[in-house]
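I opened this entry to keep track of what I looked up, going from the core to the ligand and then to the chain as a whole.

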Amino acid sequence: MTTEQPKELTFDTLVSLSKRRGFIFPSSEVYGGIAGFWDYGPLGVEMKNNIKREWWRFMVQERDDVVGIDASVIMNPKVWEASGHVATFTDPMVDCKNCKRRYRADHLESEVCPDCGAKGQFTEARNFNLMFKTFVGPVEDDANVVYLRPETAQAMFVNFDNVVTSMRRKLPFGIAQIGRSFRNEITPGNFIFRDREFEQMEMEYFCKPGTDEQWHKHWLDARLNWHKNLGVREENLRIREHEQEELSHYSKGTYDIEYRFDAMGWSELEGIANRTDFDLQAHGKGSGKSLSYFDEESNEHIVPYVIEPALGVDRCFLVMLYDAYREQEVPTAAGKTEQRVYLQLHPAIAPIKVAVLPLSRNEKLGPLSKDVHALLRPHFMTQFDDAQSIGRRYRRQDEIGTPLCVTIDFDSLEDNAVTIRDRDTMEQTRVRIEELVDTLRRKLQGG
Ligand code: ATP
């Protein structure tokens, strides 16, 4: 049986699958949508929560040197002045004089407008600040301007002292956070790759200056392995070091983990930056309160260096969906072949782990099927489906990436056993109901 990725997997294929199956919908779609904003549907929210849970497990739960926080989206605007975002969180923007479309200058490949084809009609590049502004309180004037955070990281820096003191932390240690970020991107697009509202999973790892490069390497390896262990194929991942002129204003060195999309080539999935002591120094200066650490070994105050792995939840979601998409020719009962689409999602990421499918809607199967469902739902995210033929229901579960289906048939009424069907191999095994929970758990864990 051959398993192939279609030759050119387009984002349109995923947009349409996502909408049809309830992963992702365009935001406010009844009003024509709004560029750069998306809503996660019933399956999307499950998958997104799974991604966040796996990140948190790996970055916080399984480490004794990292703790988490959950900070407010709107912060004192002085944070963004001190961090350099008010002055420098900009992208170069150009307009096409012919069709008036706007572009990010650094994303254009030539002098030709991708929209109208006019040559040499771009304006000079101007810097455009990506932070969304709003007002706090009832008066809309300059004194009340605040920003929606464009990254979660700053909350970790300004809470450095609070965490060190309350949690009795010693270097090296990290502070992690998952939360919403907002960027008024000039050209959002490529489905959920570049949004204007998105979620980030970031961790600031504070270490002694001089140990920063060793920790940078540690986190680069750890993060790359995380993606691989959750099923993203190795050949579609690579590491790219930023050129000197690409580096953000705070960075001494940055590596991107990139993913290879057919639709747009190698693209940034996650950034792992060495932010040095830039942010703690800047907030020390900006707030007048020194953000340093007293090192008992050397008996002196030091300002730690920071290694930051920063990953977008939505971008990670897109990569996992994209990488999991499979099309396959399979034989039908009538001796022909048909196409099967399935998502080979890692079981930890799949929105539904187990589908419970009575062979038919026959009333004799109803009570036992309901009992089996009730047995499973405290343990796994499940779906019960008794509409249409069993073949169609398998296809539906394949298309949403459900790793295992449990089928109850007429023999089940006699032998108290059911069939487990595997998404990837389509193999079926018969299992006694009393062993079902353990068997499913073992299979989901790769046993
Ligand atoms: P780009 O160069 O693509 O604009 P960036 O280098 O500015 O991205 P970072 O500031 O390093 O991105 O953000 C860290 C991570 O947050 C990115 O690797 C990406 O996964 C995610 N991210 C950043 N911007 C967006 C966005 N507009 N939409 C979705 N995810 C984003």
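This is a predicted model: local features need pLDDT of at least 70, side-chain atom pairs count only at pLDDT 80 or more; totals for chains, interfaces and linings use all residues.

**Nonpolar core**

I began with the largest nonpolar core, which has 83 residues, and I noted that those with the most contacts inside it are Cys316, Phe317, Leu318, Val319, Met320, Leu321 and Val406.

I looked up Leu318 separately, and, with its neighbours within four places in sequence left aside, I found Leu318 in contact with Phe191, Ile192 and Phe193.

**Around the ligand**

Next I turned to the ligand, which has 16residues around it, and wrote down that Phe198, Gly271, Ala310, Gly312 and Arg315 come nearest. Which elements supply at least two residues each to this shell? I found four of them listed by name: strand E10 (197-207), strand E13 (265-276), strand E16 (305-312) and H9. E13 gives the most, with four residues. When I sorted the shell by class, I had nine charged, four nonpolar and three polar residues.

**Gln154**

I then looked up Gln154, whose place is in helix H5, residues 153-158. Is Gln154 buried or exposed? Gln154 counts as buried because 22 other C-beta atoms lie within 10 Å, and the cut-off for that class is 20 or more. Leaving aside the neighbours within four places in sequence, I listed Met75, Val79, Ser83 and Arg149 as the residues in contact with Gln154.

**Whole chain**

Last, I went over the protein chain, for which the domain assignment gives domain 1 (11-74 + 135-321) and domain 2 (352-444). The C-alpha centres of domain 1 and domain 2 lie 38 Å apart. I noted 13 helices and 23 strands in the protein chain, and its C-alpha atoms fill a box of roughly 75 × 65 × 50 Å along the principal axes. Of the 447 residues in the protein chain, buried residues make up 34%. For contacts between residues at least 6 apart in sequence, I recorded that 63% join residues at least 24 apart.

Conventions:
Residues are numbered from 1 along each chain as its sequence is written. A nonpolar core is a set of buried Ala, Val, Leu, Ile, Met, Phe, Trp, Tyr and Cys residues joined through C-beta atoms within 7 Å. A residue is buried if 20 or more other C-beta atoms lie within 10 Å of its own, exposed if 12 or fewer, and partly exposed in between; C-beta atoms are placed from the backbone. Two residues are in contact if their C-beta atoms, placed from the backbone, lie within 7 Å. A residue is near a molecule or strand if its C-beta atom, placed from the backbone, lies within 6 Å of it. Ala, Val, Leu, Ile, Met, Phe, Trp, Tyr, Cys and Pro count as nonpolar, Asp, Glu, Lys and Arg as charged, and the others, Gly among them, as polar. Domain bounds come from an automatic or database domain assignment.
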